[in-house]
Amino acid sequence: MLNIKEQYEIEITDLSTKGEGIGRVEGIAVFVPATIPGDLALIEITDVKKNYGKGKVINILSPSNYRVESTCSYESCGGCSLQNMSYEGQLWLKKKWVIDRLTRIGGIDNPFVHDVIPMEEPFRYRNKAEYALGRISGKAKKERGCDIGFYQAGTTRVVNINSCLLQTEVADRIADVIRRYVKESKTPIYGPKSKTGVLRHVVVKTAFNTGEIMVILVATEKSLQNIEWLVDEICIELEDCKDFQLESVILNVNKSKTGKTLGDINITLAGKPTIKDHLMGLDFEISPTSFYQVNPIQTVKLYEKVKEYASLNDKETVLDVYCGVGTIGLILADKAKKVLGIESVKSAFLDANRNATINGIVNAEYINGKAEEELPKLVKKGLKADLIILDPPRSGCEPELLEAVAMTNAPKIIYVSCDPATLARDIKLLTDKGYKYIEAQPVDMFPHTSHVECVTLMSRVKE
């Protein structure tokens with residue numbers, strides 16, 4: 001039995017999705033922050049649960065071959081849980097995660113998983129920066145107005161970050177303008193504990209291929225002071241950025257007492273209500289609340305793999321479930337007979353229709369509604385699909401949706417997932433309903449974090 005405050009030597013063999021090293025003491029799993037696979041560490045037990053324990057590092061006795069010095073100075077942020085691991089090690093670990101989940105949860109023996117597709121330059125890759133704002137007082141408030149950055153892991157305390165190596169430099173500079181704006185306008189910062197205040201978050205969306213920028217101010221009220229001053233200051237700040245220009249400033253109204261970032265109301269304060277990006281030969285409009293892949297460089301590699309797995313010949317009907325702004329379906333449309341997309345978010349549904357129109361694509365149709373509700377209706381009406389694209393949120397697919405997917409008898413499924421655990425769970429359900437796992441291609445969409453995107457190919461078992 002483990003005992004609190006006792007010390008043990010432990011070999012770290014895995015990493016949790018929260019970035020905690022995992023090892024075993026007397027057969028019991030122990031989670032240890034600040035360690036990585038391959039470390040031999042002296043630890044002290046800090047907590048004991050029924051089936052596992054937690055510990056803290058006393059000393060790294062023998063460092064992992066994958067251990068490196070972090071390039072980030074904001075380790076308390078907790079966002080880049082793999083920053084102390086070499087990029088080679090990160091890729092090894094992410095492939096291991098996919099294989100482990102497919103085996104343990106998906107019930108697949110020796111699943112064929114390709115090596116992870118890496119980034120050539122795994123920094124400054126995010127096209128969306130989602131900043132939290134934090135209250136400060138005294139001299140610090142007079143100097144910078146508020147803290148802007150990301151929540152410390154497991155808390156609502158904002159770590160003030162001047163430069164994040166995952167965000168664009170443009171986003172960093174806009175965040176600094178927001179600090180000056182708060183100082184100038186004296187806009188009250190929202191407190192997640194007190195549930196009072198006005199300005200909650202700032203989101204910066206950057207279209208890498210067109211240079212268009214959208215700034216979203218998330219607030220509890222339908223108006224903000226000194227917006228003209230803010231817009232002018234952002235434009236002045238970006239005067240020397242030849243590749244980027246401010247095109248849209250949005251006020252997103254979020255009165256919710258929960259921790260969600262965006263509300264449902266969007267008010268255009270300056271410029272356009274959307275921005276446009278160019279991807280794989282197509283133009284896409286992006287609205288404030290619609291989903292768009294955050295790593296445009298790796299997105300091309302991801303979608304190229306989807307096209308390869310799809311292998312269309314102009315005769316197929318493609319069902320694009322959780323279609324977002326329509327990217328995957330529209331990229332496949334030139335080789336498909338018809339694309340039918342389903343999307344629950346109204347703004348994304350409207351974007352998908354607009355994107356089809358913008359690109360002159362006439363064989364794409366979209367339905368607004370929850371996929372788990374709409375697809376069964378389509379199946380009852382006799383829908384026949386040759387290929388189904390599943391690209392759900394991190395929580396995966398609803399069982400009702402997978403039941404309807406199986407009822408279509410589509411010969412091929414391509415599942416795009418950002419969580420190997422829910423992917424494996426859903427593959428198990430689809431396997432039970434007559435589908436066979438073929439292979440998976442992980443793509444490193446989120447370097448230095450514990451997330452991995454994966455494209456999986458499945459086929460209908462022939463009776």
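**Exercise 1.** Find how the axes of helix 1 (residues 87–104) and helix 10 (residues 420–432) are placed, and name the relation between the helices.

*Solution.* Step 1: the two axes, lines fitted to C-alpha atoms over the stretch in contact, come within 8 Å and cross at roughly 30°. Angles run from 0 to 180 degrees between N-to-C directions. Step 2: helix 1 is therefore roughly parallel to helix 10, a term for angles under 35 degrees, while those over 145 count as roughly antiparallel.

The model is predicted, and local features need pLDDT of at least 70, side-chain atom pairs pLDDT 80 or more, whereas totals for chains, interfaces and linings use all residues. Residues are numbered from 1 along each chain as its sequence is written, and side-chain values use heavy atoms, without hydrogens and water.

**Exercise 2.** Which residues join helix 1 to helix 10?

*Solution.* Step 1: on helix 1, Trp97, Val98, Arg101 and Leu102 are in contact (heavy atoms within 4.5 Å) with Pro420, Ala421, Ala424 and Ile427 of helix 10. Step 2: sorted by class, this contact holds seven nonpolar, no polar and one charged residues.

**Exercise 3.** What is the relation of helix 3 to helix 4 (residues 227–237)?

*Solution.* Step 1: their axes lie 10 Å apart, and the packing angle is about 150°. Step 2: helix 3 is therefore roughly antiparallel to helix 4. Step 3: the residues of their contact divide into eight nonpolar, no polar and five charged.

How values were computed. Helices (H or I, at least four residues) and strands (E, at least two) are DSSP runs, numbered from the N terminus. Angles under 35 degrees count as roughly parallel, over 145 as roughly antiparallel, 65 to 115 as roughly perpendicular and the rest as oblique. Ala, Val, Leu, Ile, Met, Phe, Trp, Tyr, Cys and Pro count as nonpolar, Asp, Glu, Lys and Arg as charged, and the others, Gly among them, as polar.
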